[in-house]
Amino acid sequence: MKFRVLIGMLVVGLAVSASVAMGNLITDGSFEAASITGAWTIDGGTGYTHAKDWGWAHDGNNMVGMWWWGNIYQDFSATAGSGEYGASIATFLPGEDYASGGVYGFIQLQWVNSSGDWLENAWQYSFSSDGAAGSQVHALNSWIVVNTPDEYTPHADAAYGRIIVGINNNGSGGGRVYYDSVTLNVIPEPAAVALLGIGGLMAVALRRKTRK
Ligand SMILES: [Ca+2]
């Protein structure tokens, strides 16, 4: 009897854990590694810094900063048409040199096909001190965590996903943006959750059968 209760709890536990978001799919999303180039790809740009021990990282000791234009990105595995993805990124505009006058930070969640071709931006967000290029206005000298407003299912032709944080400008202005605490979570398909539940029930049935 006690054993059955235990199995029952296990099944419930499995179902619950499967219906909530899995752990962060981003490697070194907090930029704490000695070098960011192990996990992240630096894509062009004229200025970027791996800021270590500056005393104001969002988590841990390190973060990344960039100026003028450029971005870093990281790919993550995804299955076409399956699962729902959500992201969270900490952003910072430094008071002594903040993005303004046409310069803005941007974040994108993209789907890419097996040829490496961009398919679509599932989500994009931009921010600056003055609303440049339609960006959201962020306060200075304070970490502002940006969350996806929704969850996104991979494009029908997607082979993988890509998360990008960067800086852009419209040809004038200046300033910097910083990023830290990049997280990306996936909520499995309801079908996958149901399968896990069925698997658990089958395990219980099998166990009962073998005990008879
Ligand atoms: Ca950090």
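Asn141 is exposed, with 11 other C-beta atoms within 10 Å. Asn141 lies in the loop between strand 8 and strand 9. Its phi is positive, about 60°, although Asn141 is not a glycine. The model is predicted. The protein chain holds two helices and 11 strands. Buried residues make up 30% of its 212 residues.

**Confidence**

- The mean pLDDT of the protein chain is 87.
- A pLDDT of 70 or more is reached by 80% of the residues.
- Confidence is lowest in helix 1 (residues 2-19), where the mean is 55.
- Confidence is highest in strand 9, at 98.

**Overall layout**

- From the N terminus on, the order of elements is α-β-β-β-β-β-β-β-β-β-β-β-α.
- Among contacts with a separation of 6 or more, 76% join residues 24 or more positions apart.

- Five strands form an open sheet in the order 2-3-11-5-9. The pairing is antiparallel.
- Strand 2 (48-52) and strand 9 (144-147) stand at the edges. Each has a single partner strand, so one side of each is left without a neighbour in the sheet.
- From one strand to the next, the twist averages 30°.
- Strand 5 (residues 84-92) pairs with strand 9 over four bridges, in the antiparallel sense.
- Ile89 has Val146 in strand 9 as its bridge partner.

- Six strands form an open sheet in the order 1-4-10-6-7-8. Here the pairing is mixed.
- Strand 1 (41-43) and strand 8 (136-137) are the edge strands, and each pairs on one side only.
- Strand 1 meets strand 4 (residues 70-77) over three bridges, in the antiparallel sense.
- Ile42 has Ile72 in strand 4 as its bridge partner.

**Strand 6 and its partners**

- Strand 6 is mostly covered, with eight of its 10 residues buried.
- Strand 6 and strand 10 run antiparallel and are joined by 10 bridges. Phe106 stands opposite Gly166 in strand 10.
- Strand 6 and strand 7 also run antiparallel, joined by eight bridges. Gln110 stands opposite Asn121 in strand 7.
- The hairpin of strand 6 and strand 7 has five residues between the strands. In this hairpin, Gly116 takes a positive phi near 85°.

**Nonpolar core**

- The largest nonpolar core has 39 residues.
- Val64, Ile89, Ala99, Val177 and Tyr179 touch the most other members.
- The elements that give two or more residues to this core are strand 3 (62-67), strand 5, strand 6 (103-112), strand 7 (118-128), strand 10 (160-169) and strand 11 (176-187).
- Ile89, one of the residues that touch the most other core members, is also the bridge partner of Val146.
- Val177 has contacts beyond its neighbours within four places in sequence. They are Gly65, Met66, Thr91, Leu93, Ala99, Gly105 and Ile167.
- Ala99, in contact with Val177, is itself among the residues that touch the most other core members.

- Phe31 is found in the loop between helix 1 and strand 1.
- Phe31 has a positive phi of about 60°, although it is not a glycine.
- Phe31 counts as buried because it has 27 C-beta neighbours inside 10 Å, and the cut-off is 20 or more.
- Asn61 sits in the loop between strand 2 and strand 3.
- Asn61 has 14 C-beta neighbours inside 10 Å, so it counts as partly exposed.
- Asn61 and Phe31 are 30 residues apart in sequence. Their C-alpha atoms are 8.5 Å apart in space.
- Leaving aside neighbours within four places in sequence, Asn61 is in contact with Glu32, Lys52 and Asp53.

How values were computed
Residues are numbered from 1 along each chain as its sequence is written. This is a predicted model: local features need pLDDT of at least 70, side-chain atom pairs count only at pLDDT 80 or more; totals for chains, interfaces and linings use all residues. A residue is buried if 20 or more other C-beta atoms lie within 10 Å of its own, exposed if 12 or fewer, and partly exposed in between; C-beta atoms are placed from the backbone. Two residues are in contact if their C-beta atoms, placed from the backbone, lie within 7 Å. Two strands pair if DSSP finds at least two bridges between them. Axes are lines fitted to C-alpha atoms, for helices over the stretch in contact, and angles run from 0 to 180 degrees between N-to-C directions. A nonpolar core is a set of buried Ala, Val, Leu, Ile, Met, Phe, Trp, Tyr and Cys residues joined through C-beta atoms within 7 Å. pLDDT is the predictor's confidence in each residue, from 0 to 100.
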